[in-house]
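Trainee: I would like to take a close look at one part of this structure, with someone to walk me through it. Could you help me follow the side chains there?

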Amino acid sequence: MTKRKIKSLLPPKSTPLERALEAATARTSDVPVPLRTLHNPDTIDIDLLPWLAWHWSVDSWKSYWTEEVRRARVRNAMKIHRQKGTAKAVKDVVAAFGGAILLREWWQMTPMGEPYTFDLVMTLTGAGGQSATAEFVDDVIAEVHRTKSIRSHFTFTQGIETQAAIAVAATARPVIYARLNLTEA
């Protein structure tokens, strides 16, 4: 049995304009549409990423963010939207910017804080080479405002990561101690 190629779906009495339109649109089915790539924030072309962010309702978008931060914002968008208004959503939104937070709600404080308040200590490590400028920190705080419960208010403290300074101090201390022992003897 041989396959029969259908030339046209138009009726025999169709107009020349209808036939021309059919011929023009027949070629569009030959254009590849990589849907799996277009809906994956890790594989989509960087030029199309803002459209995917718009599609998934990412609340804010800045062109100066690094590629890694922008992809993480899109990757976590649905998870954040599902949990909006919770402490978990606030932690996830800060993590998407490459930061870590310590969040203490009013009932976790000693003594108890004012109801519906929380303390936020945030350390931005600068994901993907993104420096933690004042503008970038403002973007993260604005995103926390959008994500937190509307009735809640928070105090913000920016933490500083000092891993290198601790290593230098730990190395210098035995040297100073040894020097003091030598002078006393």
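Trainee: Which side chains meet in a salt bridge with 2.6 Å from N to O? Please start there and then show me what lies around that part.

Mentor: Happy to! Keep in mind that this is a predicted model. The side chains you ask about belong to glutamate 143 and arginine 146, and they meet in a salt bridge at 2.6 Å, N to O. Find helix α7 on your screen: both residues lie in α7, three residues apart, which is about one turn of the helix. Now compare how each is covered. Glutamate 143 has a relative accessible area of 2%, and because buried means under 20%, glutamate 143 counts as buried. Arginine 146, with a relative accessible area of 38%, is partly exposed. The pair also belongs to a network of salt bridges that links Arg73, Glu143 and Arg146. As a general idea to keep in mind, side chains of opposite charge can pair when their charged atoms come close.

Stay on helix α7 and look for aspartate 139. Aspartate 139 forms a salt bridge with lysine 62, and the closest N and O atoms are 4.0 Å apart. Lysine 62 sits in the loop between α3 and α4 while aspartate 139 is in α7, so this pair ties together parts that are 77 residues apart in sequence. For contrast, look at helix α6, which holds both lysine 88 and aspartate 92, four residues apart, about one turn of the helix. Their side chains meet in a salt bridge of 3.0 Å, N to O. Lysine 88 is partly exposed, with a relative accessible area of 43%, and aspartate 92 is buried at 7%.

Next, let us see what else α7 does. The largest nonpolar core has 19 residues, and Leu120 and Met122 touch the most other members. The elements that give two or more residues to this core are α6 (87-96), β1 (99-105), β2 (117-124) and α7 (134-147). The largest share, five residues, comes from α7. In general, nonpolar side chains tend to be buried together in soluble globular proteins. Leaving out residues up to four places away in sequence, leucine 120 touches Val90, Ile101, Leu102, Leu103, Val144, Phe154, Thr155, Phe156 and Thr157. There is also a second, separate core of eight residues, which includes Trp56, Val58, Val74 and Ala77.

Now for the rings. The count comes to six aromatic pairs. One of them is formed by tryptophan 61 and tryptophan 65; this pair is edge-to-face, with 6.3 Å centre to centre and 65° between the planes. Tryptophan 61 is partly exposed at 25% relative accessibility, whereas tryptophan 65 is buried at 2%. Another pair joins phenylalanine 118 and phenylalanine 154: their ring centres are 5.2 Å apart and their planes are at 20°, so the pair is stacked. This pair links distant parts of the chain, as phenylalanine 118 is in strand β2 and phenylalanine 154 in strand β3 (residues 153-158), 36 residues apart. Both phenylalanine 118 and phenylalanine 154 are buried.

Go back to tryptophan 61 for a moment. Together with Trp65, Phe97 and Phe136, Trp61 forms one aromatic cluster. Tryptophan 61 lies in the loop between α3 (49-55) and α4 (67-75). Apart from residues up to four places away in sequence, tryptophan 61 touches Leu49, Pro50, Ala53, Arg70 and Val74. Take Val74 from that list: tryptophan 61 and valine 74 are 13 residues apart in sequence and 9.8 Å apart in space, C-alpha to C-alpha.

Key
Residues numbered from 1 in each chain as written. Predicted model: local features only at pLDDT ≥ 70, side-chain atom pairs only at ≥ 80, totals over all residues. Heavy atoms only, no water. Core = buried A, V, L, I, M, F, W, Y, C linked by side-chain atoms within 4.5 Å. Buried < 20%, exposed > 50% of the residue type's maximum accessible area, 1.4 Å probe, protein only. Contact = heavy atoms within 4.5 Å. Phe/Tyr/Trp six-rings, centres within 6.5 Å; stacked < 30°, edge-to-face > 60°.
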